[in-house]
Amino acid sequence: MKRWLKAIILTYLCLLFFGSFLAVGLLWTGVFEKALPFISQIKIFLYYFFAGAIGGSLRHLYMFCSHYMEGELLDYRKWIMYIFYPIFATGTAVVAVTLIQSGLFLIEFTEYKDTPYAPISIAFFVGFGFNRFVNQLNVISKNLFQANNKKMNSSEINK
């Protein structure tokens with residue numbers, strides 16, 4: 001991998017990581033709401049979004065630096081992972097918290113002084129372990145829809 005591409009990826013991941021912290025701070029202090037009043041309606045989802053971005057960018061910063069130090073940044077196809085996985089992690093974190101809050105996973109969050117620390121923490125972990133979470137979602141969806149197919153097939157047989 002060329003040196004300039006490594007510098008761009010490292011800069012991008014650092015901006016995403018530190019920029020997400022800055023965005024959470026601006027969200028927390030109400031700066032976004034003053035500039036854009038509609039933000040108050042989606043504020044909680046933005047917390048999950050930025051927590052996922054922090055987790056995803058942290059993981060990929062770690063992976064990038066580890067691979068760089070070990071001289072393993074030779075495959076040009078892998079640079080795509082460093083660019084897109086942190087972006088995918090942001091939306092996946094929001095979806096994960098929404099799925100949990102819907103009761104689908106039989107997990108319940110405990111509120112602490114009207115602050116969503118637990119959902120934000122889950123969003124961070126989903127961002128950090130994006131690949132693992134998506135793999136688990138794949139298993140769950142296969143089991144969920146495969147069970148429905150078996151029921152449907154047996155009811156069709158009985159007709």
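## Stop 1: a salt bridge

Select Lys43 and Glu33, whose side chains meet in a salt bridge with 3.2 Å from N to O. This pair links distant parts of the chain, with Lys43 in helix α3 and Glu33 in helix α2, 10 residues apart. The count for the model comes to 1 salt bridge. Is Glu33 buried or exposed, or something in between? Glu33 has 25% relative accessibility and therefore counts as partly exposed, since that class lies between the limits of 20% and 50%.

Bear in mind throughout that this is a predicted model.

## Stop 2: the whole chain

Zoom out and colour by secondary structure. The chain has 6 helices and 0 strands, so from the N terminus on the elements run α-α-α-α-α-α. Of the 159 residues in the chain, 31% are buried. Among contacts with a separation of 6 or more, 74% are between residues 24 or more positions apart.

## Stop 3: a nonpolar patch

Keep the surface on and select Leu36, Phe38, Ile42, Ile44 and Phe45. Together these residues make a nonpolar surface patch of about 410 Å². Where does Phe38 lie? Phe38 is in the loop between α2 (31–35) and α3 (39–69). Its relative accessible area is 46%, which means that Phe38 is partly exposed.

A kink of about 40° in α3 is centred on Phe45. Follow α3 to its end and go just past it: Gly71 takes a positive phi of about 70° there.

## Stop 4

Hide the surface and select Leu13, which is in helix α1. Leu13 has a relative accessible area of 0%, so it is buried. Which residues does Leu13 touch, not counting those up to four places away in sequence? They are Ser57, His60, Leu61, Phe64, Tyr82 and Pro86. For one of these, Ser57, draw a distance between C-alpha atoms: Leu13 and Ser57 are 44 residues apart along the chain, and their C-alpha atoms are separated by 5.7 Å.

Next select Ser20, found in helix α1 (residues 3–29). With 3% relative accessibility, Ser20 counts as buried. Leaving aside neighbours within four places in sequence, Ser20 is in contact with Leu15, Phe50, Ala53 and Ile54.

## Stop 5: helix α4 and its kink

Select residues 79–101, which form helix α4. This helix has 23 residues and reaches 34 Å from its first C-alpha to its last, close to the 33 Å expected at 1.5 Å a residue. Look along the helix for a bend: a kink of about 30° lies at Tyr85, shortly before the proline Pro86.

Select Tyr85 by itself. Its relative accessible area is 27%, so Tyr85 is partly exposed. Not counting residues up to four places away in sequence, Tyr85 touches His60, Ile80, Phe130 and Asn131. The C-alpha atoms of Tyr85 and Phe128 are separated by 9.9 Å, although the two are 43 residues apart along the chain.

Now colour the buried residues of α4. They are Met81, Tyr82, Ile83, Pro86, Ala89, Thr90, Thr92, Ala93, Val94, Ala96, Val97 and Ile100. When looking at such a list, remember that an α-helix has 3.6 residues a turn, so residues three or four places apart point the same way. Just after α4, select Gly103, which takes a positive phi of about 90°.

## Stop 6

The last stop is Val126, placed in helix α5 (residues 117–128). Val126 has 6% relative accessibility and so counts as buried. What is Val126 in contact with, leaving aside neighbours within four places in sequence? The contacts are Thr92, Ala93, Ala96 and Phe133. Of these, Thr92, Ala93 and Ala96 were among the buried residues of α4 coloured at the previous stop. To finish, draw a distance from Val126 to Val94: their C-alpha atoms are separated by 9.1 Å, and the residues are 32 apart along the chain.

Terms used. Residues numbered from 1 in each chain as written. Predicted model: local features only at pLDDT ≥ 70, side-chain atom pairs only at ≥ 80, totals over all residues. Heavy atoms only, no water. Helix = DSSP H or I, 4+ residues; strand = E, 2+ residues; numbered from the N terminus. Expected span 1.5 Å × (residues − 1). Bend = angle between axes of the 7 residues up to and from the residue. Buried < 20%, exposed > 50% of the residue type's maximum accessible area, 1.4 Å probe, protein only. Patch = residues over 30% accessible without salt bridge, like charges linked within 9 Å, V, L, I, M, F, W, Y side chains within 5 Å. Areas by Shrake-Rupley, 256 points an atom, 1.4 Å probe, with all protein chains shown as cover. Salt bridge = Lys/Arg side-chain N within 4 Å of Asp/Glu carboxyl O. Contact = heavy atoms within 4.5 Å.
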